[in-house]
Amino acid sequence: MDLTTAPPGGGPAAAAPPLGLLAELTHRCPLHCAYCSNPLELIERERELTTGQWLEVFTQAREIGVLQVHLSGGEPLARPDLPEIVSHVSGLGCYVNLVTSGLGLTEARLADLVERGLDNVQLSVQGADAARGDRLAGAKAHHHKIAAAALVRKHGLPLTVNAVLHRANHDQVAGFIDLATSMGADRLELANTQYYGWALRNREALMPTREQLAAAEPVVRAAMERLKGTMEIVYVLADYYEPYPKPCMHGWGAIQLTVAPDGSVLPCPAAGAITTLELDNVTEKPLSEIWYESGSFNAYRGEEWMPDLCRSCDRRSVDHGGCRCQAFLLTGDAAATDPVCSRSDRRGTVDLLLAGISPNPPELVMRGPAAGRR
């Protein structure tokens with residue numbers, strides 16, 4: 001993909017057309033997960049884009065090249081207009097993925113969505129069994145997830161199971177693999193927590209220990225080999241423990257964009273964490289202008305923004321300088337080398353956090369009405 005192609009009609013050389021759109025239809029959610037990466041201040045229902053506005057967003061997204069649309073939230077099933085949205089997105093020729101907790105997914109609703117063009121379902125699980133799952137979800141949700149998975153398989157859709165790993169469930173890695181297998185999942189994502197939004201508030205309680213990570217690695221590696229050709233397993237490592245940062249979204253504003261419930265457009269799902277970044281809104285500017293020309297999307301594209309350490313590094317095209325949101329949250333400077341990197345002069349910030357992990361972590365603070373949920 002050529003990242004130096006100028007946009008149609010002129011404009012600054014910036015990025016190729018986007019491939020994917022993450023549409024956060026709402027922040028409303030029946031779960032109260034302590035690792036939620038959505039902002040501390042959730043967008044209320046009254047500020048959500050209307051049906052007509054969302055349909056226009058998807059039309060504009062397709063016009064600039066988007067082929068994959070991920071309908072997420074919160075819980076997208078909380079939007080009564082979800083069927084109309086799926087019909088519209090599918091009609092544009094896009095691949096439609098529903099990212100859901102499974103709560104509210106009935107036989108009738110799924111059958112309707114499938115008929116309207118839904119292509120894939122990504123189902124979250126919080127624990128490998130009902131007791132742990134319900135406790136970590138803050139709701140009696142686990143049995144709904146089992147039922148939702150069965151419905152997805154009944155209707156012949158591909159199923160991705162997503163488990164966010166942290167200190168309170170890392171011992172269940174083998175159980176998550178067994179659960180996804182029993183659900184008939186085509187893909188399992190075992191993703192260690194990213195510390196943004198509400199999850200950042202719970203970082204001390206969520207961070208796994210070195211012992212937990214060491215125990216999980218051979219289990220995951222063996223399962224990948226055992227289930228090859230049957231179920232794909234993706235293991236997202238615990239960032240703070242790694243010598244180099246992960247390649248963030250294949251680079252800032254490179255292949256995907258996110259639209260928040262109120263129409264704010266973000267170069268990555270967590271970009272709202274960078275308080276110095278001015279975000280544009282799709283109700284005020286065309287999506288094409290935001291993608292190609294906005295200050296927020298061009299802030300950290302390419303390599304010109306990088307500090308000398310990153311610009312001269314042989315890994316600069318591998319990890320793109322690391323995560324801008326993480327750099328901001330740990331240093332106050334979104335243009336800094338990601339402190340996770342062992343070559344960063346601020347790596348000590350991360351090492352102090354790791355050294356401070358307590359054998360008796362604090363209680364998880366669950367997301368709830370006091371956090372701004374409506």
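**View 1. Strand β2 is a mostly covered strand.** Four of the five residues of strand β2 (residues 68-72) are buried. Here, buried means under 20% relative accessible area, exposed means over 50%, and partly exposed is in between, using a 1.4 Å probe and protein chains only. Strands (E, at least two residues) and helices (H or I, at least four) are DSSP runs, numbered from the N terminus. Please keep in mind that this is a predicted model, in which local features need pLDDT of at least 70 and side-chain atom pairs count only at pLDDT 80 or more, while totals for chains, interfaces and linings use all residues. Residues are numbered from 1 along each chain as its sequence is written, and side-chain values use heavy atoms, with hydrogens and water left out.

**View 2. β1 pairs with β2.** β1 and β2 run in the parallel sense and share five bridges; two strands pair if DSSP finds at least two bridges between them. Follow the partners across: Leu-21 is bridged to Val-69 of β2, and Ala-23 is bridged to Leu-71 of β2. In β1, five of its five residues are buried. Which residues cover the two faces of β1? Gly-20, Leu-22 and Glu-24 lie on one side, Leu-21 and Ala-23 lie on the other, and all are buried.

**View 3. The open sheet has nine strands.** The strand order is β7-β6-β5-β4-β3-β2-β1-β8-β9, and the pairing is mixed. At the edges are β7 (232-236) and β9 (265-266), each of which pairs on one side only. Strands of a sheet pair through backbone hydrogen bonds, either parallel or antiparallel. Strand β5 (residues 159-165) and strand β6 (residues 187-192) are paired in the parallel sense over six bridges, and Leu-165 has Asn-192 in β6 as its bridge partner. Helix α9 packs on the sheet and touches β6 and β7, with its direction at about 160 degrees to that of β7.

**View 4. Helix α6 meets helix α9.** The axes of α6 and helix α9 (residues 210-226) come within 9 Å and cross at roughly 25 degrees. That makes α6 roughly parallel to α9. Axes are lines fitted to C-alpha atoms, for helices over the stretch in contact, and angles run from 0 to 180 degrees between N-to-C directions. Angles under 35 degrees count as roughly parallel, over 145 as roughly antiparallel, 65 to 115 as roughly perpendicular and the rest as oblique. Look for Val-173, Ala-174 and Ile-177 in α6, which meet Ala-216, Val-219, Val-220, Ala-223 and Arg-226 in α9; contact means heavy atoms within 4.5 Å.

**View 5. Leu-71 sits in a nonpolar core.** A nonpolar core is a set of buried Ala, Val, Leu, Ile, Met, Phe, Trp, Tyr and Cys residues joined through side-chain atoms within 4.5 Å. The largest such core has 83 residues, and Phe-58, Leu-71 and Leu-190 touch the most other members. Helix α6 (residues 173-183) gives the largest share of this core, six residues. A second, separate core has 19 residues, among them Ile-43, Ala-260, Leu-266 and Cys-310. Leaving aside neighbours within four places in sequence, the contacts of Leu-71 include Ala-23, Phe-58, Pro-76 and Val-99.

View 6. Thr-26 is in the loop between β1 (20-24) and α1 (51-63). Is Thr-26 buried or exposed? Thr-26 is buried, at a relative accessible area of 0%. Leaving aside neighbours within four places in sequence, its contacts include Glu-48, Gly-73, Gly-74 and Pro-261. Gly-73 and Gly-74 are joined by a cis peptide bond, with omega about 15 degrees. Gly-74 lies in the loop between β2 and α2 (82-91).

View 7. Six of the eight residues of α14 are buried, including Arg-324, Cys-325 and Phe-328. Among the elements covering its buried residues are α8 (203-206) and α15 (347-355). Leu-329, in helix α14 (residues 324-331), counts as partly exposed at 33% relative accessibility. After α14 comes Gly-332, whose phi is positive, near 85 degrees.
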